Amino acid sequence: MSAPGISQTAHFKPAGPLRGIVAPPPDKSISHRAALIAAMHDEPVRVLNYLDAADTNSTIAALRDLGNLIEVRPDGLLVRGAGLRGPQTVDEPIDVGNAGTLMRLLPGWLAAQPEGAWTLDGDDSIRRRPVDRIAEPLTEMGARLEARDRRFPPFTVHGARLHGIEYVQPQASAQVKSCLLLAGLLADGDTTVVEPARSRDHTERMLARAGVRVSRSNGAVTVRNVDELGLDAIEVPGDLSSASFLIAAGLIVHGSRLVLERVGVNCTRTGFLHIARRMGGVVLGELEEPPPPGEIPTTEPVAELDVSACPLVGTTVEPEEVPLTIDELPLVALLGCFAEGETLVRGAGELRIKESDRLQAVVEGLRGLGADIEATEDGFAVRGTGGLDGGVLDSRGDHRLAMLGAVAGLASRDGVRVVGIDVAAVSYPQFREHLGTLA
């Protein structure tokens, strides 16, 4: 199965003011979903501004294995899909690489194919990430999943004629929700996912725009089965998660002023921006307001964000904020190092099952750079000390930890050497390119 990218070391020296105008890379979460949902169409679908990275290329390769024809073009993809009921069976395992989104979403489509069976596998990191959270509800719908040690990849999806269920999530997860909604497109009856807290809603928006009957009521999202999907094009906005690292740098590197163009500001993704503003951060730009109760938008809003360095104060991030900020919580820890007072994050246990135990890695990494930070059972507490000294941070092959170390280095007193960088990781190469244009 997939081998990790080449591990490298990079040194990030303290920087003067960062200034410039940049466009972040295309959104990874939306790119995965766009390619997968495009493949479920009977007619060709264009995916504009698709992210070119290891994880999203794994999605292209997996969909090609299933019989979809995908042409990579300068402006994105042209997907000639197999249709809702058309994925081919394959003899060899489908390689998901290090793409956790692909690993959790694709089984929703495959589980609804009667008589078919597919094995999914990936790299060493993927083999440590549990799949029982999708196995349990898919089994309840009528499918069967066989996993290593009953919860880890490689695992095999045995498709079946599914029936709709109401599934109450023990913890909010957009990936689990999306898996079940995709399965529900082919299930008998309605499929409902009840969320304890709202998570990102890219899948619902895309399906609603494709003509699927999708509804939301009191935290429950419901889909009804369909015969076909009706999109001809999907445009991927700039990735707010990637942009957030540049935003954090703009806030803590003295004298900085950055403008980020065409950033996706879906209200289920802007948690970090609200937290940064609450800490005193100057982040100007119009963010999407939550839609009226029960309404599901069909578009992905974009905005220009204007960021300036400024003094920060500590804050508390409560559990209900975590699902909308999960990928950016390491940056909250970093901002807390530069803020006055204490910054506390609660309810973030999900970080322990990312590409690495990201929670422990963040605490150990920032502490090694001089931070006053400690892990809690489901989060962390940071006491601001006015900055960081610098040192060495092990990214553990996790692209977000590598970018965290880079931003910390730019704002530190002595610089940061980041080791264990997977140079093929999702956002890291473009992030380095952007830093080169701003420093």
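Which elements each supply at least two residues of the lining of the second largest pocket? They are α6 (202-209) and β14 (233-235), where helices (H or I, at least four residues) and strands (E, at least two) are DSSP runs numbered from the N terminus. This is a predicted model, in which local features need pLDDT of at least 70 and side-chain atom pairs count only at pLDDT 80 or more, while totals for chains, interfaces and linings use all residues. Residues are numbered from 1 along each chain as its sequence is written, and side-chain values use heavy atoms, with hydrogens and water left out.

About 280 Å³ of space lies in this second largest pocket, and of the 16 residues that line the pocket, the closest to its centre are Arg 209, Ile 234, Glu 235, Thr 299 and Glu 300. A pocket here is an open set of points on a 1 Å grid over the protein atoms alone, where a 1.4 Å probe fits, with protein on both sides within 12 Å along at least five of seven lines, and lining residues have an atom within 4 Å of a point. Helix α6 gives the most to the lining, with 4 residues.

Turning to the strands, which pair if DSSP finds at least two bridges between them, β15 (residues 257-264) pairs with β2 (residues 19-22) in the parallel sense over 4 bridges, and Ile 21 stands opposite Val 259. Strand β15 also pairs with β17 (residues 302-308), in the antiparallel sense over 6 bridges, with Leu 305 as the bridge partner of Leu 260.

Key: Grid points are joined across faces, edges and corners, and a volume is the space filled by probe spheres set on the points.
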